[in-house]
Amino acid sequence: MTALYLIEVSHPQGAYFPERNTADLTREATIRDIRDGQFDGANRILCLSDNGTWADATVEIAQAILDDLDQEPHWDLQNFLENALGCRAVADWYREMELVA
């Protein structure tokens, strides 16, 4: 069994975990889905590891997305990145990409 990644999504009526195919619960698919805006309001990522333990993988996934990002993120992705990594990390990325004056 490989690790499974669950995306917690914020909603005005309460947070929930959207239904996804088992094949889409990989680290790579989770990164792709969040990066591509498949889930508005992505809030937290939980990882069920091979040994059956749970861990909060939000920072790990957010950092992987930011490290691979080559264009300005859509507003919901920027919100996810700022919540997970902090506004300074995202602002530093903007400066490195020379997207701000």
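Which residue of E2 does Glu 8 stand opposite? Glu 8 stands opposite Arg 44.

## Basis of the model

This is a predicted model, in which local features need pLDDT of at least 70, side-chain atom pairs count only at pLDDT 80 or more, and totals for chains, interfaces and linings use all residues. Residues are numbered from 1 along each chain as its sequence is written, and side-chain values use heavy atoms, with hydrogens and water left out.

Helices (H or I, at least four residues) and strands (E, at least two) are DSSP runs, numbered from the N terminus.

## The sheet

Three strands form an open sheet in the order E1-E2-E3, with antiparallel pairing. The edge strands are E1 (4–9) and E3 (54–56), each pairing on one side only. From one strand to the next the twist averages 30 degrees. Two strands count as paired if DSSP finds at least two bridges between them. Strands of a sheet pair through backbone hydrogen bonds, either parallel or antiparallel.

E1 pairs with E2 (residues 42–48) over six bridges, in the antiparallel sense. Leu 6 has Leu 46 of E2 as its bridge partner. E2 and E3 are joined by three bridges, again antiparallel. Here Leu 48 has Trp 54 of E3 as its bridge partner. The hairpin of E2 and E3 has five residues between the strands, and Gly 52 in this hairpin takes a positive phi near 90 degrees. Five of the seven residues of E2 are buried, so E2 is largely enclosed by the rest of the structure. Buried means under 20% relative accessible area, exposed over 50%, and partly exposed in between (1.4 Å probe, protein chains only).

H1 lies across E1 and E2, at about 25 degrees to E1. Axes are lines fitted to C-alpha atoms, for helices over the stretch in contact, and angles run from 0 to 180 degrees between N-to-C directions. Asp 33 lies in H1 (residues 27–35). Asp 33 is buried, with a relative accessible area of 10%. Leaving aside residues up to four places away in sequence, Asp 33 touches Arg 20, Asp 24, Gln 38 and Phe 39. Contact means heavy atoms within 4.5 Å.

Asp 24 lies in the loop between E1 and H1. Asp 24 is partly exposed, with a relative accessible area of 25%. With residues up to four places away in sequence not counted, Asp 24 touches Ala 29, Thr 30, Arg 32 and Asp 33.

## H1 against H2

The axes of H1 and H2 (residues 58–68) come within 10 Å and cross at roughly 65 degrees. That makes H1 roughly perpendicular to H2. Angles under 35 degrees count as roughly parallel, over 145 as roughly antiparallel, 65 to 115 as roughly perpendicular and the rest as oblique.

H1 passes H2 in a right-handed crossing. A crossing is left-handed if the near helix is turned anticlockwise from the far one by less than a right angle, and right-handed if clockwise. From H1, the contact uses Arg 27, Ile 31, Ile 34 and Arg 35, and from H2 it uses Glu 60, Ile 61, Ala 64, Ile 65 and Asp 68. By class, the contact of H1 with H2 has five nonpolar, no polar and four charged residues. Ala, Val, Leu, Ile, Met, Phe, Trp, Tyr, Cys and Pro count as nonpolar, Asp, Glu, Lys and Arg as charged, and the others, Gly among them, as polar.

## H2 against H3

H2 and H3 (residues 75–85) pack at an angle of about 125 degrees, with axes 9 Å apart. H2 and H3 are therefore oblique to each other. Their crossing is left-handed. H2 gives Thr 58, Val 59, Ala 62, Gln 63, Ile 65 and Leu 66 to the contact, while H3 gives Leu 77, Phe 80, Leu 81, Ala 84 and Leu 85. These residues divide into nine nonpolar, two polar and no charged.

The buried residues of H2 are Thr 58, Ile 61, Ala 62, Ala 64, Ile 65 and Leu 66. Their cover includes E1, H1, E2, E3, H3 and H4 (87–96).

## H3 against H4

The axes of H3 and H4 come within 6 Å and cross at roughly 125 degrees. H3 and H4 are therefore oblique to each other. Gln 78, Leu 81, Glu 82 and Leu 85 of H3 meet Cys 87, Ala 89, Val 90 and Tyr 94 of H4. By class, this contact has six nonpolar, one polar and one charged residues.
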